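Here are my notes for a colleague who is meeting this structure for the first time. Please keep the sequence and the model open while reading, and take the points in order.

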Amino acid sequence: MIEGAARDTDTVDMVVVDIALRGRSIHQTSLSRRIAAGVIQVARSSWSLGGELVRRRPDVVHVNTSGHLGAVRDLVLLQMSRAFGVPFVYHIRFGRVPQIAAGGRKEWRLMRRVIERASGVVVLDDHTERAIRRYADHGLLLRIPNCIDFSTLPESSDHEAPRKRVLFAGWVIPAKGVEDLLAAWSSIDTAGWELAIAGPCESSYLRRIRRSADEHAVSFLGELAGQDLLELMARCEIFVLPSHSEGFPNVIIEAMALGRAVVATDVGAVADMLSDGCGVVVPPREPDRLAAALAAVMGEPACRVRLGERARAKAAGEYALPVVFDRYEALWRRVSGQGDGGCQVVRPATDVAAGHQA
């Protein structure tokens, strides 16, 4: 998305390098498999970035991270960029930083080394920003939100009127709060409503959670293509995300931009995103609170309309692609000393799979 915006300007030339981790399943894999995949990832990422550094001599390297074993890769890429004298921007794309920083374990020690040597650090939420300010020496630290390209959204004339559907979209795993959602759904009056769960799920886990969903108007749709998911979202009344951990979930931005009422848990930047009456926020891991919030929004059509209208306005004003891209460009110019001149950026893609259901 950001690279698309870069193509529309003559002041930024962006090259995207894929450093995504491969060889892992949806659910947690064994440590040995994760380490093996990590070693391969570091080698492949280093080779790819090294080639761009030699060929292009970029003004900035901008690396996205989701932590875990990827912190080793991040440190290697930092050292390579510094060896070529290229400013390095470290973009933290997940919401666990307060917990791992307080714990002080290996993951945080590696990340802290990158943070303290980076030319700039970008975070998504206030919790992460405060943790870094407390636990790490840092230079330039900025909070920049994720964004939405409104041109990719379905036109209102292209879809039917919203129906009484509550939609969840994401990886169907315990960390996304799926079991909390099913428990909440089974405890409230859902007459006339449907819960749709869209996203990839391993077959053994799907068989287990299906048992708790029987007879409660729940549909498991599997993984959907991006545009198909947006069309489905445009036809729902409520979007729900009961995650235990998030950074700045794009799927909530999409729901906001489509004018959907959102119910979500207070993790990462979610509370900031849904502030000012743009949605309903409940504590994570509390199915009873989630059930009460869903029942309240399901029972008030005027409330759903009001939440959706406010959410759409906020998404357009704060999370639209041109607004956010201007902040990226200002950051790249600042760390590279380019001023008003052109800027060439190598931006390794995040090791969280891109797309609407990540």
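1. I begin with Thr-152, which is found in the loop between β5 (140–143) and β6, where helices (H or I, at least four residues) and strands (E, at least two) are DSSP runs, numbered from the N terminus. At 32% relative accessibility, Thr-152 counts as partly exposed; the scale calls a residue buried under 20% relative accessible area, exposed over 50% and partly exposed in between, with a 1.4 Å probe and protein chains only. Leaving aside neighbours within four places in sequence, Thr-152 is in contact with Gln-227 and Leu-230, contact meaning heavy atoms within 4.5 Å. The C-alpha atoms of Thr-152 and Leu-230 are separated by 8.9 Å, although these residues lie 78 residues apart along the chain.

2. A word on the basis of these notes: this is a predicted model, in which local features need pLDDT of at least 70 and side-chain atom pairs count only at pLDDT 80 or more, while totals for chains, interfaces and linings use all residues. Residues are numbered from 1 along each chain as its sequence is written, and side-chain values use heavy atoms, with hydrogens and water left out.

3. The next points concern an open sheet of six strands, which has the order β8-β7-β6-β9-β10-β11 with parallel pairing. Its edge strands are β8 (218–222) and β11 (280–282), each of which pairs on one side only. Two strands are taken to pair if DSSP finds at least two bridges between them. Neighbouring strands of this sheet are turned by 20 degrees against each other on average, direction ignored.

4. Within this sheet, strand β9 (residues 236–241) is largely enclosed by the rest of the structure, because six of its six residues are buried. On one pairing, strand β6 (residues 163–169) and β9 run in the parallel sense over three bridges, with Val-166 opposite Ile-238 and Leu-167 opposite Phe-239. On another, β9 pairs with strand β10 (residues 261–265), again in the parallel sense, over four bridges, and there the bridge partner of Ile-238 is Ala-261. From β9 the chain crosses through helix α10 (residues 250–257) to β10 in a right-handed β-α-β crossover, a term that applies if, with the strands pointing away from the viewer, the path from the first strand over the helix to the second runs clockwise.

5. Strand β7 (residues 194–198) is mostly covered, with five of its five residues buried; Glu-194, Ala-196 and Ala-198 point one way, and Leu-195 and Ile-197 the other way. β6 and β7 pair in the parallel sense over five bridges, and Leu-167 stands opposite Ala-196 in this pairing. Together with helix α7 (residues 178–186), β6 and β7 make a right-handed β-α-β unit. β7 also pairs with β8 in the parallel sense, over four bridges, where Ile-197 stands opposite Phe-220. The chain crosses from β7 to β8 through helix α8 (residues 203–213), and this crossover is right-handed.

6. Which way does α3 pass α5, in a left-handed or a right-handed crossing? Helix α3 (residues 70–83) and helix α5 (residues 106–117) pack at an angle of about 25 degrees, with their axes 9 Å apart, and they are therefore roughly parallel to each other. The crossing of α3 past α5 is left-handed. Among the residues that meet there are Leu-75 and Leu-78 in α3, and Leu-110 and Val-114 in α5.

7. A crossing is left-handed if the near helix is turned anticlockwise from the far one by less than a right angle, and right-handed if clockwise.

8. Finally, Arg-57 has a positive phi of about 50 degrees although it is not a glycine, and at 53% relative accessibility Arg-57 counts as exposed.

Methods
Axes fitted to C-alpha atoms, helices over the stretch in contact; angles between N-to-C directions. Parallel < 35°, antiparallel > 145°, perpendicular 65-115°, else oblique.
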